[in-house]
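Here is a short briefing on pockets in one protein model. Look over the sequence and the fold before reading on.

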Amino acid sequence: MQIIDGKQVASQVLEEVGRDIERLREQGITPGLAVVLVGEDPASQVYVNSKVKKCAELGMNSRKIVLPSDASQEELLQVVRDLNADPSIHGILVQSPPPPHIDEAAVVLEIDPTKDVDGFHPENVAKLVLEDETGFVPCTPLGCIRLLQAAGIETAGANAVVIGRSMIVGKPMAHLLMSKQANATVTVAHSRTKNLPELCRSADIIVAAIGRPAFVTADFVKDGAVVVDVGINRVEDAAAKRGYRIVGDVAYDEVAPKCRAITPVPGGVGPMTIAMLMANTVKACRQQTGA
């Protein structure tokens with residue numbers, strides 16, 4: 001059984017990105033990422049700060065814009081418009097979720113699709129479906145594909161089941177797996193799917209992105225399957241130092257012995273998300289500057 005080390009693969013991606021940034025800087029170009037946060041949600045602040053820190057480590061420009069939690073929709077949209085018009089900013093990310101009074105879909109639509117490094121704008125969704133490589137793919141499923149490649153997992157002809165149908169992970173993951181580059185046969189399962197364990201037992205590759213701790217148990221998995229666990233769930237644990245621990249959507253201890261390969265939580269998919277965000281930002285910079 002192979003444990004797919006997301007930290008190691010993310011480190012490789014970031015090394016590649018770092019070399020690309022050096023080459024751009026030699027041409028007088030520095031990739032720039034703007035991260036916009038509305039409010040002071042502690043978890044969101046941690047995510048934003050980690051992205052800003054990674055930019056600094058790689059030699060990229062970053063701009064962190066924090067608006068008060070009561071900022072209006074129009075104030076946020078104006079910030080996005082200003083960033084769209086700023087040639088030093090190549091990637092724009094508005095941290096999700098915003099406060100309830102903000103229409104997140106309207107914000108996504110306002111972002112210039114050439115700077116939409118999250119890959120959520122309808123134009124980029126269309127490019128994913130059309131397999132147009134100039135578009136941007138959401139960072140988490142893009143990271144999952146990179147993990148499978150790094151682990152030497154053959155996707156061509158494989159039966160894959162994606163559990164979850166979100167626009168952030170499930171749907172883009174399915175499109176990536178069924179693309180001409182991956183050539184898998186894909187089934188998307190969700191909360192209304194009948195006989196889910198039986199369906200999953202037919203899968204050579206399972207991607208669990210349903211947001212329920214330890215949802216995928218041993219009876220979902222055939223011997224020799226590959227399992228990619230996208231879940232990041234906080235569960236209470238009095239024995240843990242912080243009073244909780246982070247677990248995935250897969251019951252790791254009982255599933256792992258049956259697998260050919262599996263991603264752990266933490267340390268699997270998680271580190272890949274920020275690495276692919278950096279890669280998307282460099283790609284955006286290249287496309288905007290023609291470098």
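A pocket here is an open set of grid points with protein on both sides within 12 Å along at least five of seven lines. Its volume is the space filled by probe spheres set on the points. The model is predicted. The second largest pocket comes to about 800 Å³, and the largest to about 1,800 Å³.

**Largest pocket**
- Its lining counts 50 residues, and Tyr47, Thr140, Ile232, Gly270 and Thr273 are the closest to the centre.
- Helices H1 (6–26), H2 (42–58), H6 (139–150) and H10 (270–289) each give two or more residues to this lining.
- H2 gives the most, with 10 residues.
- By class, the lining holds 27 nonpolar, 13 polar and 10 charged residues.

**Position of the largest pocket**
- The largest pocket lies between domain 1 (28–116) and domain 2 (139–271), because both give residues to its lining.

**Second largest pocket**
- Here 28 residues form the lining, with Val137, Leu142, Gln181, Met276 and Lys283 nearest the centre.
- Two or more lining residues come from each of H1, helix H5 (122–130), H6 and H10.
- H10 gives the most, with 6 residues.
- The lining divides into 13 nonpolar, 6 polar and 9 charged residues.

**Elements in both linings**

Methods: Residues numbered from 1 in each chain as written. Predicted model: local features only at pLDDT ≥ 70, side-chain atom pairs only at ≥ 80, totals over all residues. Heavy atoms only, no water. 1 Å grid on protein atoms, 1.4 Å probe; cavity = no way out; pocket = protein on both sides within 12 Å on 5 of 7 lines; lining within 4 Å. Helix = DSSP H or I, 4+ residues; strand = E, 2+ residues; numbered from the N terminus. Nonpolar A, V, L, I, M, F, W, Y, C, P; charged D, E, K, R; others polar. Domains from an automatic or database assignment.
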